[in-house]
Amino acid sequence: MSVTVLLVDDEPLIRTGLRAVIEAEDDLRIVGEAADGAEVLPMVRRLRPDVVLMDVRMPAVDGIRATTAVLDAVADPPAIIVITTFEHDDHVYDALRAGASGFLLKRTRPEEIVQAIRIAAQGESLLFPAAIRRLVARRAPAARRPAPTLTEREAEVLRLMAKGLSNTEIAGELFIGIQTVKTHVGNVLAKLGARDRTQAVVFAYESGFVSPAS
């Protein structure tokens, strides 16, 4: 089964480069391209891509607004990966809060881009703990949220999620089964009202539950 991808970037050269990288892989397929966020929701509804690679800065409708529109309007939305030039872009932080599964820098190596697409298509979030800590450290004090109410085990799981550990790694760290970890992760997401792991981790930092300095 091919993973279908929608490219969204206002720079034709960037789209051409991404297309070349993606179409070199047998299991990945481009189903459409858009030059602005305003085009995204109609194209997602028509093409039903598995993953959207979304430029975060575009002239009319940016990637944040487009991400929000898709996730609010589509019952079974695609995974959205925002792409950006600068790692410290505040727009990236806002896109993660809006529900993007993760982000990639435009200078990311081709093999890492295709791997990120595969991970996102499987329903996993792309967590880059150090980068998220830096983004949250710049913004969290102005957007402090109430600390989440979690059980002791759920709290342990969230702290390990914030470090970027996978379910398998969390299971090994806590000496519990993988299915038990999945149950705890699901409970954490539900209690935080988070769409995915990325949103949960952002919430954890914003609430002060996890310190960006740790």
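## Helix H4 against helix H10

In this predicted model, the axes of H4 and helix H10, which covers residues 197–206, come within 8 Å and cross at roughly 115 degrees. Because angles of 65 to 115 degrees count as roughly perpendicular, H4 is roughly perpendicular to H10.

On the H4 side, the residues that meet H10 are Tyr93, Leu96, Arg97 and Ala98, and their counterparts in H10 are Thr198, Gln199, Val202 and Glu206. Sorted by class, this contact between H4 and H10 comprises four nonpolar, two polar and two charged residues.

## Overall composition

The secondary structure of the protein consists of 10 helices and five strands. Of the 214 residues in the protein, 51% are buried. When contacts between residues at least 6 apart in sequence are considered, 69% of them join residues at least 24 apart.

## The five-stranded sheet

The five strands form an open sheet in the order S2-S1-S3-S4-S5, with parallel pairing. Strand S2 (28–34) and S5 stand at the edges and have a single partner strand each, so one side of each is left without a neighbour in the sheet. Neighbouring strands of this sheet are turned against each other by 25 degrees on average, with direction ignored.

At the S2 end of the order, S1 and S2 run parallel and are joined by six bridges, and Leu7 has Glu33 in S2 as its bridge partner. At the S5 end, S4 and S5 pair in the parallel sense over four bridges, and Ile83 stands opposite Leu104 in S5.

How many of the six residues of S1 are buried? Six of the six are buried, so S1 is largely enclosed by the rest of the structure. The covering applies to both faces of the strand, with Val3, Val5 and Leu7 buried on one side and Thr4, Leu6 and Val8 buried on the other.

Ser2 is placed in the segment before S1 and, with a relative accessibility of 34%, counts as partly exposed. Beyond its neighbours up to four places away in sequence, Ser2 touches Asp26, Asp27, Arg29 and Asp50. For one of these residues, Arg29, the separation from Ser2 is 27 residues in sequence, while the C-alpha to C-alpha distance is 6.3 Å.

## Nonpolar cores

The largest nonpolar core has 29 residues, and those with the most contacts inside it are Val8, Val40 and Met54. Two or more residues each are given to this core by strand S1 (3–8), H2, S3, helix H3 (63–73), strand S4 (79–84), helix H4 (90–98) and strand S5 (102–105). The largest share, five residues, comes from H4. A second, separate core has 25 residues, including Ala155, Val181, Leu189 and Val201.

Which residues does Val8 touch when those up to four places away in sequence are not counted? Val8 touches Ala34, Asp36, Val40, Val52, Leu53, Met54, Asp55, Met58 and Ile83. Val40 and Met54, named in that set of contacts, are also listed with Val8 as the residues with the most contacts inside the largest core.

## Loop positions

Arg48 is found in the loop between helix H2 (40–47) and strand S3 (51–55), where it counts as partly exposed at 41% relative accessibility. Phe175 lies in the loop between helix H8 (167–174) and helix H9 (178–192); its relative accessibility of 77% is over the 50% cut-off, and Phe175 therefore counts as exposed.

Ala60 is placed in the loop between S3 and H3 and is exposed, with a relative accessible area of 51%. Apart from its neighbours within four places in sequence, Ala60 is in contact with Asp36 and Arg65. Ala60 and Asp36 are 24 residues apart along the chain, and their C-alpha atoms are separated by 6.6 Å. Asp36 is also among the residues that Val8 touches.

Definitions and conventions: Residues numbered from 1 in each chain as written. Predicted model: local features only at pLDDT ≥ 70, side-chain atom pairs only at ≥ 80, totals over all residues. Heavy atoms only, no water. Buried < 20%, exposed > 50% of the residue type's maximum accessible area, 1.4 Å probe, protein only. Core = buried A, V, L, I, M, F, W, Y, C linked by side-chain atoms within 4.5 Å. Contact = heavy atoms within 4.5 Å. Pairing = 2+ DSSP bridges. Axes fitted to C-alpha atoms, helices over the stretch in contact; angles between N-to-C directions. Parallel < 35°, antiparallel > 145°, perpendicular 65-115°, else oblique. Nonpolar A, V, L, I, M, F, W, Y, C, P; charged D, E, K, R; others polar.
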